[in-house]
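Here is a briefing for a reader who is new to this structure. It begins with the terms and then goes topic by topic.

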Protein chains: 2
Amino acid sequence: MKIGILNPGMMGAAVAQTMVNSGHDVYWISAGRSDATRQRAEAAGLHELTSGAEMVNTVEAIVSVCPPHAAVDVAEMVIEAGFKGAFLDANAIAPRTAHQINDVVTPAGVDFIDGGIIGMPPTEPNTSFLFLSGPSAAMAAEWFSAGPLETRVIDGEIGAASGTKMCFAANSKGYNALLTALMGVATELGVLEHVEEMWEHYWPGFPAQKKRASKSVAYNKAWRFAGEMEEIAQTWEDAGVPNGFYTAAAEVYGRIGHLRESDGEQTLEEVMKEVRKGK
Amino acid sequence: MKIGILNPGMMGAAVAQTMVNSGHDVYWISAGRSDATRQRAEAAGLHELTSGAEMVNTVEAIVSVCPPHAAVDVAEMVIEAGFKGAFLDANAIAPRTAHQINDVVTPAGVDFIDGGIIGMPPTEPNTSFLFLSGPSAAMAAEWFSAGPLETRVIDGEIGAASGTKMCFAANSKGYNALLTALMGVATELGVLEHVEEMWEHYWPGFPAQKKRASKSVAYNKAWRFAGEMEEIAQTWEDAGVPNGFYTAAAEVYGRIGHLRESDGEQTLEEVMKEVRKGK
């Protein structure tokens with residue numbers, strides 16, 4: 001099959017690599033993309049196209065892997081370009097947003113598949129998982145048959161795969177935000193060393209592990225986590241469950257999202273200061 | 001020394017036992033207390049008094065161990081009864097609330113010590129810790145010299161001990177609330193089994209452990225956690241850090257706080273239903 005990937009970022013390239021491994025011709029759009037993206041696309045053996053119009057005339061299926069806040073725009077762009085194949089959204093979005101995309105693409109005669117990816121961009125089997133739901137989920141799973149990204153076709157309609165992703169990220173990324181905020185407060189109160197002593201007493205290794213994770217997320221990923229936390233907050237609200245955990249998590253990631261690995265020294269102290277910038 | 005305990009609940013009795021072990025005469029007030037409290041008081045070797053007036057005329061120090069929402073009332077009652085000794089608040093309260101109590105007791109000539117307890121009611125050494133701060137913290141630590149409750153006298157003024165407690169509980173009880181809410185959403189979406197499969201994949205044993213903890217907290221302790229979450233939310237706000245994690249946690253515990261161990265079958269399904277009662 002001929003399949004398009006929008007876009008080959010770190011995760012998108014790993015998704016595309018799995019489809020190439022599975023015997024498909026995979027295409028990307030080079031217009032406006034960085035050199036790093038080009039290098040990833042070439043390393044994965046993707047075919048270059050220069051525009052969305054060219055892509056919709058070339059491929060039978062499109063896979064969307066983009067930041068959560070761009071997911072609806074990507075779907076709308078694909079439909080506006082006249083695409084008529086199968087469209088898999090694999091993004092970290094609320095079930096409500098998956099339905100919103102379904103309502104954009106299905107009336108245009110496009111076959112919609114809801115997806116959600118759990119894990120890091122995979123290089124080995126059995127480490128990362130693409131959940132798929134909706135009537136065409138089993139069909140879409142065939143695009144990834146060779147791995148290393150694993151697929152899980154689950155019962156349930158559009159929204160079930162996105163919901164699984166939301167719930168998983170709500171712990172991993174949500175808990176990291178909770179602990180980053182907590183360390184910001186403990187620093188402000190001058191009691192972080194005491195909190196760490198107690199953590200170490202009850203859970204040896206916990207403070208070092210969580211401080212490392214908090215710093216790493218702040219400098220590498222936080223910029224794109226705020227939107228995902230907002231999707232989780234929407235999911236919780238729609239399920240009738242208190243969602244302040246995630247409005248707060250979005251605010252935490254929003255405060256630290258401007259930090260960058262390349263901007264010099266990376267310190268937990270700097271992260272803590274940014275977390276407290278309401279002070 | 002003659003020391004009063006207000007009141008010998010599960011934790012209060014363990015605190016009192018440590019003071020008895022350390023050679024002190026410890027007193028409790030029996031008026032209006034349950035049979036269970038009497039049994040705990042007698043088992044710990046406490047002396048019975050029948051009124052607050054009798055206590056303030058008998059003891060040189062009072063230790064307050066009560067639900068967070070009652071902490072200020074207990075301090076005011078002690079002062080109104082004319083007490084003139086040392087007063088240790090060991091409750092799970094915000095630094096702001098500790099200052100509020102300080103402002104009640106210090107002008108009345110009472111020596112105030114800020115405290116916070118981390119851990120379960122102790123029966124063995126080195127399992128639970130009483131943090132103490134403020135000018136008289138080292139003096140108060142002497143009341144507990146024999147254990148099993150350990151003391152930690154920390155630098156810092158009134159509020160440092162309470163702040164340490166807040167930060168510790170913000171992870172232990174706050175994270176439990178986050179996971180209970182998450183499981184409520186996953187149940188509503190029909191994807192809990194998939195979330196659990198992923199948890200088990202990345203962290204073997206995690207789902208069983210967290211489901212057990214969520215159920216146990218719901219039926220045994222949630223009723224008294226809502227107030228503590230509100231104190232944590234206040235602490236976060238005062239530190240300039242997003243506090244929605246804890247307003248949401250208070251709401252979660254508020255929704256499940258009416259569940260009781262004695263009311264028949266205990267199921268996680270029942271907990272999940274109560275968590276979603278906004279639905």
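Helices (H or I, at least four residues) and strands (E, at least two) are DSSP runs, numbered from the N terminus. This is a predicted model, in which local features need pLDDT of at least 70 and side-chain atom pairs count only at pLDDT 80 or more, while totals for chains, interfaces and linings use all residues. Residues are numbered from 1 along each chain as its sequence is written, and chains are lettered from A and ligands numbered from 1 in the order in which they are written.

**Overall build of chain A**

- Chain A holds 12 helices and 8 strands, and its C-alpha atoms fill a box of roughly 60 × 40 × 35 Å along the principal axes.

**Two domains in chain A**

- The domain assignment, which is automatic or comes from a database, gives domain 1 (2–156) and domain 2 (163–275) of chain A, and their centres, taken over C-alpha atoms, are 28 Å apart.
- Two residues are in contact if their C-beta atoms, placed from the backbone, lie within 7 Å, and the contact between the domains takes 14 residues from domain 1 of chain A and 13 residues from domain 2 of chain A.
- On the side of domain 1 of chain A that touches domain 2 of chain A, α5 (95–105) and β6 (111–118) each supply at least two residues.

**How the two chains meet**

- Chain A can be laid on chain B with an RMSD of 0.0 Å by a turn of 180 degrees and a shift of 0.0 Å along the axis, so the two copies are related as by a two-fold rotation axis; the superposition is by least squares on the C-alpha atoms of residues with pLDDT of at least 70 in both.
- In the interface, 47 residues of chain A are in contact with 47 residues of chain B, and α7(A) gives the most to the side of chain A that touches chain B, with 18 residues.
- The copies meet through the same surface, because 100% of the interface residues of chain A are also interface residues in chain B.

**A residue of helix α7 in chain B**

- B:V185 has its place in helix α7 (residues 160–189) of chain B, and B:V185 counts as buried because it has 28 C-beta neighbours inside 10 Å.
- Leaving aside neighbours within four places in sequence, B:V185 is in contact with A:C167, A:T235, A:W236, A:A239 and A:V241.

**Backbone details in the loops**

- A:N126, in the loop between β6 and β7 of chain A, has a phi near 65 degrees, a positive value in a residue other than glycine, and A:N126 is exposed, with 11 other C-beta atoms within 10 Å.
- The peptide bond from A:L6 to A:N7 is cis, with omega near 5 degrees, and A:N7 lies in the loop between β1 (2–6) and α1 (10–21) of chain A.
- In chain B, the peptide bond from B:G147 to B:P148 is cis, with omega near 15 degrees.

Key: A residue is buried if 20 or more other C-beta atoms lie within 10 Å of its own, exposed if 12 or fewer, and partly exposed in between; C-beta atoms are placed from the backbone.
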